[in-house]
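Please read the report below alongside the sequence and the model.

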Amino acid sequence: MAGNAPRADSVIIAGAGPAGLAAALALAGRGVRSVVVDSGNGTPRAGSRACALDGATLAFVYDLTGTRLDGAAEPWGVQRIRRRTRDVPQPVDEPEAPVRYGLSQQRLERALLDAVHASPLVTTAWRHRIEGVEQDETSVTLLARGPGGPVKWRAQWLLGCDGSRSVVRRAVNVRFPGRPRVDRLLCADVKVRLPRRITATSLVPPDPSLADEPPTPDTGGPATPWLFVDPPFHKGGTVLAQPLPDDVWRLTWQLPMAHGVAKAAEETRVIPVTGDLADPKRVSAKVRSVLRTLDALSPDSDSAEDPAHDLLWSGEYEVHQRLARRFRVGRVLLAGDAAHLVHPSAADAVELGLQDVRNLAWKLAFTLRGYAPIRLLETYHGERRGAARRRLALGEDALHFLAPASPAQKVGRRLTLMGARGKGTTLRRLDPRGPAASTSGPDYNGSPLLTPGPGVGEWIRDVPVVRADGADGWLTECLDRGLVVLLIAPGIQVWHGDRWREAGLMPRLRARLDKLAAPAELVVTPEYPGAGAHTILLIRPDGYIAAHLPPEHLDILEEAIDRARGAGH
């Protein structure tokens with residue numbers, strides 16, 4: 001890929017974090033070659049923070065890594081909130097929230113790296129420091145310095161996934177405004193055997209004498225993350241306890257914004273602080289305090305002894321809220337921390353970056369293959385920047401509670417908690433599973449790629465389907481190289497083999513799809529939530545519904561497909 005003649009299907013990826021590695025694999029899955037350039041040595045970064053993914057994003061990385069992540073994710077239930085020594089109750093009529101999954105970022109990076117090394121379409125260049133970017137109307141060149149001296153790579157497109165201090169972003173003069181140092185956190189990974197599935201009381205107990213009774217453990221279902229607000233072991237602050245696989249807990253303390261901070265406004269990294277609350281000499285005592293509290297939540301615990309545990313890692317980092325002005329400049333596109341920094345209470349940084357990649361990969365592949373015009377890539381900027389902007393707003397809202405900066409905000413936090421305890425409401429904005437903070441994916445309503453209709457812009461439901469060759473499968477298995485046209489056809493169970501291909505609308509639909517400029521697969525299912533018989537759903541390669549066409553509107557299918565690939569007028 002280096003030299004003067006870039007391949008027609010070539011992409012340079014700057015940065016080998018989760019977003020950069022996932023981008024290389026997603027492009028390779030669509031037949032696109034890439035080179036990943038990074039200053040590291042090809043191993044997961046030490047001290048990687050844990051990450052929480054929704055089901056759709058986890059399915060995306062499973063698809064990229066094969067079986068390498070089997071058993072790596074811990075399903076989480078509703079986050080429980082405990083103020084001081086009392087549980088904040090959940091309302092009885094709380095709707096079921098989508099399950100989220102916790103996993104170690106190190107394990108995720110290891111799986112992505114192994115998959116990258118196994119892919120013949122991905123080239124890696126380790127120990128190369130990025131120094132600049134040059135581009136013209138037809139190609140882009142990345143300048144770097146490696147062990148052997150200066151190196152240049154030239155390709156059709158460049159993805160800047162090189163983190164919060166992105167050299168690529170600076171090279172194309174994209175501003176990165178926002179608020180630096182909005183919060184300061186101390187994290188620790190602890191291996192300890194503790195009850196993971198706790199069912200807390202849903203309503204305020206009618207007997208006041210029972211108000212401080214510990215919740216009871218549950219034998220099954222998702223594990224329970226905890227948010228402790230102003231607990232006795234960390235007065236005036238918050239502590240988050242999140243269960244991970246293999247008996248590991250991720251503990252996160254909110255620290256005062258005092259000293260030991262990052263000097264660069266755009267920096268987010270682990271920062272050792274000697275003599276501070278985050279001093280390693282004091283971390284052990286802080287860990288024991290949290291573990292004693294978690295252990296006491298089980299009625300079978302022996303609170304007289306500290307749970308046996310191993311401190312695997314600890315580190316401090318600062319949180320910033322920033323958003324790049326542009327996600328695309330010519331042939332350069334930004335993703336992950338290079339494009340946005342969001343408070344973890346509103347969005348996990350890894351998850352947000354993976355969602356960027358899922359949105360971008362198919363658009364790049366369509367453009368490179370000639371299935372769509374270049375202007376399709378401008379919708380990446382509009383869709384993903386809008387999603388990040390909404391998460392930033394949620395982060396600001398949560399910060400008013402987590403780190404109140406004024407007396408009014410402090411009073412507001414106290415009243416919120418008192419109201420939650422008295423009225424049975426929940427602090428949805430502080431639960432990453434809650435509808436206010438997260439859904440199964442970002443809402444792309446308003447995108448020019450979508451044909452307005454019910455459910456358009458939402459992530460698909462995975463339903464059983466019959467594919468074009470007559471084979472049974474699942475809808476998510478069809479999201480590989482092209483668009484998916486899903487026909488809801490009750491009664492298809494009576495057909496065997498490929499006889500369904502000649503029934504009803506099938507011949508006419510297949511004839512239309514065969515003439516399209518972009519690849520599209522026709523599949524059928526007996527039923528789909530919210531869609532009537534003979535309805536057609538047009539689904540993008542990233543799993544979002546692009547059109548919902550009732551039978552009387554099937555004549556606009558071609559128009560909807562053109563719109564979905566950026567060719568509509």
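This is a predicted model: local features need pLDDT of at least 70, side-chain atom pairs count only at pLDDT 80 or more; totals for chains, interfaces and linings use all residues.

Residues are numbered from 1 along each chain as its sequence is written, and side-chain values use heavy atoms, with hydrogens and water left out.

The chain has ten helices and 28 strands; helices (H or I, at least four residues) and strands (E, at least two) are DSSP runs numbered from the N terminus. Of its 569 residues, 55% are buried, meaning under 20% relative accessible area with a 1.4 Å probe, protein chains only.

Helices α1 and α6 pack with their axes 9 Å apart, at an angle of about 25°. The axes are lines fitted to C-alpha atoms over the stretch in contact, and angles run from 0 to 180 degrees between N-to-C directions. The two helices are therefore roughly parallel, a label for angles under 35 degrees.

| Helix | Residues | Residues in the contact |
|---|---|---|
| α1 | 18-28 | Pro-18, Ala-19, Ala-22, Ala-23, Ala-26, Leu-27 |
| α6 | 349-369 | Val-350, Gly-353, Leu-354, Val-357, Ala-361, Leu-364 |

Contact means heavy atoms within 4.5 Å.

Thr-141 lies in strand β10, residues 140-146. Thr-141 has a relative accessible area of 12% and is therefore buried. Leaving aside residues up to four places away in sequence, Thr-141 touches Gly-132, Val-133, Glu-134, Lys-152, Trp-153 and Arg-154.

Terms used
Buried means under 20% relative accessible area, exposed over 50%, partly exposed in between (1.4 Å probe, protein chains only). Angles under 35 degrees count as roughly parallel, over 145 as roughly antiparallel, 65 to 115 as roughly perpendicular and the rest as oblique.
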